[in-house]
Amino acid sequence: MPWSTIKLNDDTVIPNLAFGTWKLGNAQLGQDRVIQAFDAGFTHIDTAQNYGNENEAGDALHRSGISRDKVYITTKYSGRGTISDSIRQSLIKLRVDYVDLYLLHAPEVSKPDIQTAWAEMEKLQAQGLAKSIGVSNYEPSDLDTLLKTAKIVPAVNQILFHPYVYAETLPLLDYCAKKNIVIEAYSPLIPITSKPGGSVDKPVARIAAREHATPAQVLLAWAKAKGTVVITSSRERERLDGYIQAGDLELTKADIDDIDVAGALGSTRF
Ligand SMILES: NC(=O)C1=CN([C@@H]2O[C@H](COP(=O)(O)OP(=O)(O)OC[C@H]3O[C@@H](n4cnc5c(N)ncnc54)[C@H](O)[C@@H]3O)[C@@H](O)[C@H]2O)C=CC1
Ligand SMILES: O=CCc1c[nH]c2ccccc12
């Protein structure tokens with residue numbers, strides 16, 4: 001099945017592939033690279049207050065001429081200023097009236113504290129500034145704290161997600177599944193970007209050879225098969241085309257099990 005959408009607990013839908021804008025390069029290059037991602041077929045961009053390129057993403061959106069309802073925009077509060085001011089500044093930079101998804105970037109930047117920050121997020125959603133609200137880098141204990149006073153359950157938790165951390169993340173995945181919180185997977189390509197030569201390489205290479213695919217495509221297909229929203233990136237058009245095509249790559253249960261086992265063998269926190 002190609003890349004598609006996932007229904008969130010607030011009844012909205014989110015594309016299950018996103019283009020991340022962290023470390024995209026300087027202003028003009030950043031803007032061109034977002035446009036390149038739209039051209040390649042991405043419909044979801046993931047940015048943040050402190051990536052320093054919401055302006056470029058907004059300009060890219062404007063220049064590409066894509067209508068607002070055809071693109072899904074996520075940004076995050078990264079701890080600078082108040083949440084209320086931050087989202088308003090993000091909306092100006094992004095040149096939009098609302099974002100589709102607004103996240104608390106991490107528990108430590110959920111200021112002044114997790115419960116107060118979440119109450120602010122709920123207000124923004126009620127005001128229509130964010131269609132959906134969620135968190136990032138939250139552990140079960142952080143979610144416990146949040147849910148004690150929350151009126152709304154976070155729609156997503158955006159976390160580090162790749163085969164080497166999968167086994168140790170299972171308790172968090174289970175927690176989120178029980179609360180109907182969708183997992184967004186960032187840095188899914190760590191096995192080839194930061195840890196080449198590890199135990200996951202073998203099954204990934206075997207599957208890639210069989211499917212005439214690249215290792216990156218196999219890793220994206222693995223994260224998709226786990227039911228996550230996959231967030232990846234590249235400055236290169238050829239790689240972006242490969243990411244889009246990875247939506248058609250169906251792994252078997254045996255493939256997924258092989259990658260899970262190899263990931264657990266080489267497990268190290270990055
Ligand atoms: N919420 C959070 O705290 C975080 C969120 N993110 C989000 O996730 C997005 C994606 O994160 P990444 O770590 O960049 O994702 P990723 O793990 O998909 O890596 C993407 C990088 O892999 C490179 N790559 C692709 N194929 C390769 C190959 N065959 N060999 C070597 N390198 C290859 C690409 O050129 C690109 O630079 C970010 O832009 C951001 O939006 C990322 C980190 C933290
Ligand atoms: O999103 C990527 C990593 C990152 C950059 N800034 C922050 C702030 C808080 C948590 C994570 C990050």
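Mentor: We shall discuss the ligand shell, then a strand, then some backbone details. This is a predicted model, in which local features need pLDDT of at least 70 and side-chain atom pairs count only at pLDDT 80 or more, while totals for chains, interfaces and linings use all residues. Residues are numbered from 1 along each chain as its sequence is written, and chains are lettered from A and ligands numbered from 1 in the order in which they are written.

Trainee: Which residues come nearest to ligand 1?

Mentor: They are Gly20, Trp22, Ser187, Leu189 and Thr232, out of 21 residues around the ligand. A residue is near a molecule if its C-beta atom, placed from the backbone, lies within 6 Å of it.

Trainee: Which elements give two or more residues to that shell?

Mentor: Those are α7 (190–193) and β10 (229–232). The largest share, three residues, belongs to α7. Helices (H or I, at least four residues) and strands (E, at least two) are DSSP runs, numbered from the N terminus.

Trainee: And how many residues of the shell are nonpolar, polar and charged?

Mentor: Eight are nonpolar, 11 polar and two charged. Here Ala, Val, Leu, Ile, Met, Phe, Trp, Tyr, Cys and Pro count as nonpolar, Asp, Glu, Lys and Arg as charged, and the others, Gly among them, as polar.

Trainee: On to β3: are its faces covered or open?

Mentor: Both faces of β3 (residues 17–20) are covered, with Leu17 and Phe19 buried on one side and Ala18 and Gly20 buried on the other. Buried means that 20 or more other C-beta atoms lie within 10 Å of the residue's own; exposed means 12 or fewer, and partly exposed is in between, with C-beta atoms placed from the backbone.

Trainee: Which strands pair with it?

Mentor: β3 runs parallel to β10, joined by three bridges, and pairs with β4 (residues 44–46) in the parallel sense over two bridges. Pairing requires that DSSP finds at least two bridges between the strands. Phe19 has Thr232 as its bridge partner in β10 and Ile45 in β4.

Trainee: Changing topic, which peptide bond is cis?

Mentor: The bond from Lys111 to Pro112, with omega near 5°. Pro112 is in the loop between β6 (99–104) and α4 (114–126).

Trainee: What about Asn180: where does it lie?

Mentor: Asn180 is in the loop between α6 (163–178) and β9 (182–186). Its phi is positive, about 60°, although it is not a glycine. Asn180 counts as partly exposed because it has 13 C-beta neighbours inside 10 Å.
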